[in-house]
Structures are given as structure tokens and as C-alpha cells.
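Please open the model in your viewer and keep the selection panel at hand. The tour goes from one residue to its surroundings and then to the ligand.

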Amino acid sequence: MKTAFITGITGQDGSFLAEFLLAKGYVVHGLIRRASTFNTGRIDRIYVDSHNREARLFLHYGDLTDGGGLRRLMDQIRPDEIYNLAAQSHVRVSFDEPEFTTDVVALGTLRVLEALRNAVEALGKPIRFYQAGSSEMFGAAPPPQNEHTPFYPRSPYAVSKVAAHWYAVNYREAYGLFIANGILFNHESERRGETFVTRKITRALTRIHMGRQNKLYLGNLDARRDWGYAGDYVRAMWQMLQQKQPDDYVVATGESRSVGEFLDCASALLGLDWKKVVEFDPRYLRPTEVDFLQGDASKARETLGWRPEVSFEELVRRMVEYDLELARQETLLVRAGHRPEATGASRE
Ligand code: NAP
Ligand code: GDP
């Protein structure tokens, strides 16, 4: 039975990856941050009380800003595989919190790599490491982007991911460690954070459909992204760690759509005319934008045998259906006299 350690297990990808690894028979350990409210909503469905002998998912408090804690955890968990997914992952927020973003995304990765290096030395066992890189690292480089495309990051988040990528390459070369960088293009799901544009759109349009809100405020509708389904992308992470040699891979669908096209697709499912409800708010523009991302995942296809299974239309349909059900539940609660909760996007 293999043991995996996931940082960022409470996030969108962490929750899909934990499910995927548990289904493969792994023991899974996850890093969670202490918060004054529970932040484990995405993994509650798979959590079994650790007193139960059947439990194979264990959670540990820690933070990517706390290197000592990470080293201690590594000695305790003795993982076979580490998936470093933790990040301040929101591009626009990274302009508001550049130092914090750098501390978590760039230095945080370095701290996990140092903990890995120490553990491999101290425990004398091989440990495989996955680093969650991003298509944002390509930024202004023209599409299609693949492993040979030079990075041109356009935000503090993207610059930090580039630093993390090169730390990972350097640790692989300097210490002979098994480290793979995934360069994943945008991937979404019904578990996507509510301030990312896809989920913001499906949350808002379904609420508008149910009469729970009137307007949706957005920024640049012309930006193009290569949007895939998160469940497909965590499979690629695992596949990268099952290879003979560590390497770096672009993971993408190869198709690109604009934010406007996402709106077309989601509103068609609801019979809405989004042009009547969407308003422009410059608050959602970025000081430097990434205009056009479209990945070329030939290497992942040929070497890993990876292919996306969920199409763009199916992705949007899943998100709309899920959020429609949420909007229906909200409507019932309000009718029963409960005060409605603010949506994530309204807090952005
Ligand atoms: P996400 O939903 O925002 O999850 C981020 C995770 O990191 C959460 O578990 C979060 O914990 C944790 N985290 C944040 N700051 C931390 C800190 N200081 N110490 C420890 N944990 C911390 O992101 P995601 O969409 O799952 O993405 C996973 C990874 O892939 C991220 O590194 C992201 O940058 C990268 N990525 C994502 C995409 C995409 O399209 N989704 C594309 C390319 C790369 P809380 O729950 O407590 O906030
Ligand atoms: P990103 O690709 O990691 O930045 O993912 P996002 O989902 O945050 O943004 C995708 C694209 O949607 C970017 O080009 C944004 O500028 C654009 N966008 C337009 N309006 C909004 C908005 O209201 N919120 C967010 N998050 N993005 C928006």
C-alpha cells in the first residue's frame, strides 16, 4: 500500500486527487491550514474518523510558510509520493497580496522541496514529487504553448509559479530526486472556487435563473482559456509520478474559448440572454492580462497516454446543473425563513 502526502488537499484539485488515490488503495495524508471556520467542505465526503480502523485519509495541521512543520511531517508520514498543490492560487488576488503569494507559492515550494531532500536523506527511501505548475507561467507567450514555449509570466502568482518550477528542476538535477512538473492549463469543476470566472458565471447565472440575483459583474470577456475538467487533470498528476524518469508535462485539452463563449454555453443551458444581465466592472480587470492560452499536450498524450475525457460542453453542463441545484436549495431555505448566505463571488 503506497502512502501519498498532498499539500492543498482542501482545494479543488486536492479533493479530486485524494479521491483518486484512495480509490487506488493509497493511504493519503493531507496538509490543512488552521482556520477559524471549517475549510474541509470539499473532502468531508471522503473523511472517515481517524479512530476508525478503516480510515486511510489523515489530516495534519501545517502551512507552506512553516518549513520546520513540513520537515517534521515528512519524517512522521514517510510518504512514497508528494503532491505539492497548496497555493494562493488566484491571479487577481496576487496583485493585491504579492508578498504573501510569493511566500506561499515560490518560497513555500522551496520549503517543501527542502523537506523532501531532508526526508530522502534521513529515511533513505525514494520519494516522488509532483509540483503543480500553471499555464499562467506562459502568460504573454503566443499560443499554442507546450513544454518548449518560453515562460513570460504576467502576475505575481505566475512569476512565483515560474520560480517554483525552476526550484523543482534545480532540485531534480542537483540532488537526483524524482520531481515532475505538471504545467496544467485551467481546469474547472463543480468544486472550483467561486471567484474564478467559470464558477462565478455558473453560480450567478443559475441564481439569476432562480430569481435569487439580478446582475453579474465581470471584467474582460475576451480573454481566452483552455478549460478542462479537474477530475481528468489529477489523473495526469498521478501518471507523471508512475514514469521511469521524472519529466515536465503540459496538460491541456488543446481547445480555447473566450469568457464570452463560456457565458454563451452556460446561458444557453438555462435559456437566458446573458447580455441582459452581465455588467462590466473594471475591478475585475488585471493590471497585466493573459490574453490567450491554448495548450499543446502532445507529450502527455504520447508519453503518459493521457487524454481528457470530459468535453467543454459537458464541463459547463456539470457546473450549471450542480449550481442550479444549489440555487434551488437556497430558494427553499429562504422560503423557510433562513437568511441567505453571500455567494463567494459577491465577496470577491
Ligand atoms: P485551490 O482550490 O485554490 O486550492 C488551493 C489549496 O492550497 C487549498 O487547499 C488551500 O487551503 C491551500 N493553501 C493555500 N495557502 C496555503 C498555505 N499557506 N499553506 C498550506 N496550504 C495552503 O487551487 P486548485 O484549483 O485546487 O489548484 C491546485 C494547485 O494547482 C494550485 O497550486 C494552483 O495554483 C495550481 N493550478 C491550478 C489550476 C486550475 O485551473 N485549477 C491550473 C494550473 C495550476 P485552504 O482551503 O485552507 O484555502
Ligand atoms: P486565471 O486564468 O487563473 O486567471 O483564472 P480566472 O478564472 O480567475 O480568470 C480567467 C479569465 O477570466 C481572466 O482572463 C480574467 O481576466 C477573466 N475574467 C473576466 N471577468 C472576471 C471576473 O469577474 N473574475 C475572474 N476571476 N476573472 C474574470
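Contact here means heavy atoms within 4.5 Å. This is a predicted model, in which local features need pLDDT of at least 70 and side-chain atom pairs count only at pLDDT 80 or more, while totals for chains, interfaces and linings use all residues. Residues are numbered from 1 along each chain as its sequence is written, and side-chain values use heavy atoms, with hydrogens and water left out.

Select Tyr83 to begin: leaving aside neighbours within four places in sequence, Tyr83 is in contact with residues including Phe5, Leu17, Leu21, Tyr130, Met237 and Trp238.

Of its 60 residues, Leu21 and Tyr83 touch the most other members. Colour helix H7 (residues 230–240), which gives the most to this core, with seven residues. A second, separate core of 21 residues can be picked up through Leu64, Ala86, Ala115 and Phe129, which are among its members.

Now turn to ligand 1, which 24 residues surround (a heavy atom within 4 Å); Thr10, Asp13, Arg33, Ser89 and Tyr157 are the closest. Show the side chain of Ser89, where an N or O atom is 2.6 Å from an oxygen atom of the ligand, and then that of Asp63, where an N or O atom lies 2.8 Å from a nitrogen atom of ligand 1. Finish on strand E5, which gives the most to the shell around ligand 1, with three residues.

Note on methods
Chains are lettered from A and ligands numbered from 1 in the order in which they are written. A nonpolar core is a set of buried Ala, Val, Leu, Ile, Met, Phe, Trp, Tyr and Cys residues joined through side-chain atoms within 4.5 Å. Buried means under 20% relative accessible area, exposed over 50%, partly exposed in between (1.4 Å probe, protein chains only). Helices (H or I, at least four residues) and strands (E, at least two) are DSSP runs, numbered from the N terminus. A polar contact is a pair of N or O atoms within 3.5 Å; within protein, one must be able to donate a hydrogen and the other to accept it, and residues adjacent in sequence count only if both atoms are side-chain atoms.
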